[in-house]
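Here is a short briefing on one protein chain. Look over the sequence and the model first, then read the points below.

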Amino acid sequence: MAAMASDAQLFEDDFRVNKLSDPKYDRVDRLYCTSIDGQTSMKLDINKELFPCAINDSLHVTIATTLSLDGTKDDERGWRDTSKSGGGEGSLADGYEYVCYGKIYKFVDGDNGRNIQCYTSFGGLLMALDGPYKKLTPLRVDYVYLLVRKN
């Protein structure tokens, strides 16, 4: 079962917040981040009332296809019901502070032929990942969960 759960986690990395956008909206910040290994950059719109961030914050980011700890799809019960299941099983979201559900909708090859850009929308809050093809290969056009916590 552990293999199934890891298959459901498509991407996982640690990032440092380098810059915040000039505030255009009351409740949204755009974070400009770089992975700790320096290979991947991320632009991420967040609800700053729910998850306030500052420059130099360290974030752990996971993208997964399900919140179920055993890797099974959430289709039957809906993603909102995972914590209400009553079975005491918990969910992947329990280890994170900020969770969104959205869709990976576009990929663009990078200029150098080794990088790829991945674009995701979480109900209008956008994320752009730019990194090595090898690191972002598990991502595909699909509905996904974004899970973020501060390190």
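This is a predicted model: local features need pLDDT of at least 70, side-chain atom pairs count only at pLDDT 80 or more; totals for chains, interfaces and linings use all residues.

The chain holds 2 helices and 8 strands. Of its 151 residues, 41% count as buried.

**Overall fold**

- Read from the N terminus, the order of elements is α-β-β-β-β-β-β-β-α-β.
- Among contacts with a separation of 6 or more, 59% join residues 24 or more positions apart.

**Nonpolar cores**

- The largest nonpolar core has 28 residues. Leu59, Leu129, Leu139 and Leu146 touch the most other members.
- Eight elements each supply at least two residues of this core: β1 (9–20), β2 (28–35), β3 (41–47), β4 (58–64), β5 (98–109), β6 (115–122), β7 (125–132) and β8 (142–150).
- β1 gives the most to this core, with 4 residues.
- A second core is separate and has 7 residues. Its members include Ala64, Leu67, Ala93 and Leu147.
- Take Leu129 and set aside its neighbours within four places in sequence. Leu129 is then in contact with Phe11, Phe15, Thr40, Ser41, Met42, Ile63, Ile116, Gln117, Cys118, Leu136 and Leu139.

**Aromatic pairs**

- The structure holds 5 aromatic pairs.
- Phe51 and Tyr98 make a stacked pair, with 5.3 Å from centre to centre and 25° between the planes.
- This pair links distant parts of the chain, 47 residues apart. Phe51 is in the loop between β3 and β4, and Tyr98 is in strand β5.
- Phe51 has 2% relative accessibility, so Phe51 counts as buried. Tyr98 is buried too, because its relative accessible area is 5% and the cut-off for buried is under 20%.
- Tyr105 and Tyr119 make a tilted pair, because their planes are at 40°. Their ring centres are 6.5 Å apart.
- The Tyr105–Tyr119 pair also links distant parts of the chain: Tyr105 is in strand β5 and Tyr119 in strand β6, 14 residues apart.
- Tyr101, Tyr143 and Tyr145 form one aromatic cluster.

**Charges over rings**

- Lys19 places its charged end over the ring of Tyr32, 4.9 Å from the ring centre.
- Lys150 places its charged end over the ring of Phe51, 5.3 Å from the ring centre. Phe51 is also the stacked partner of Tyr98.

**An exposed loop residue: Ile36**

- Where does Ile36 lie? Ile36 is in the loop between β2 and β3.
- Ile36 has 52% relative accessibility. The cut-off for exposed is over 50%, so Ile36 counts as exposed.
- Which residues does Ile36 contact, leaving aside its neighbours within four places in sequence? They are Asp14, Phe15 and Arg16.
- Ile36 and Phe15 are 21 residues apart along the chain, and their C-alpha atoms are separated by 5.4 Å.
- Phe15 is also one of the contacts of Leu129.

Notes: Residues are numbered from 1 along each chain as its sequence is written. Side-chain values use heavy atoms; hydrogens and water are left out. A nonpolar core is a set of buried Ala, Val, Leu, Ile, Met, Phe, Trp, Tyr and Cys residues joined through side-chain atoms within 4.5 Å. Buried means under 20% relative accessible area, exposed over 50%, partly exposed in between (1.4 Å probe, protein chains only). Contact means heavy atoms within 4.5 Å. Rings of Phe, Tyr and Trp (its six-membered ring) pair if their centres lie within 6.5 Å; planes under 30 degrees apart count as stacked, over 60 as edge-to-face and the rest as tilted. A charge sits over a ring if NZ of Lys or CZ of Arg is within 6 Å of the ring centre and within 35 degrees of the ring normal.
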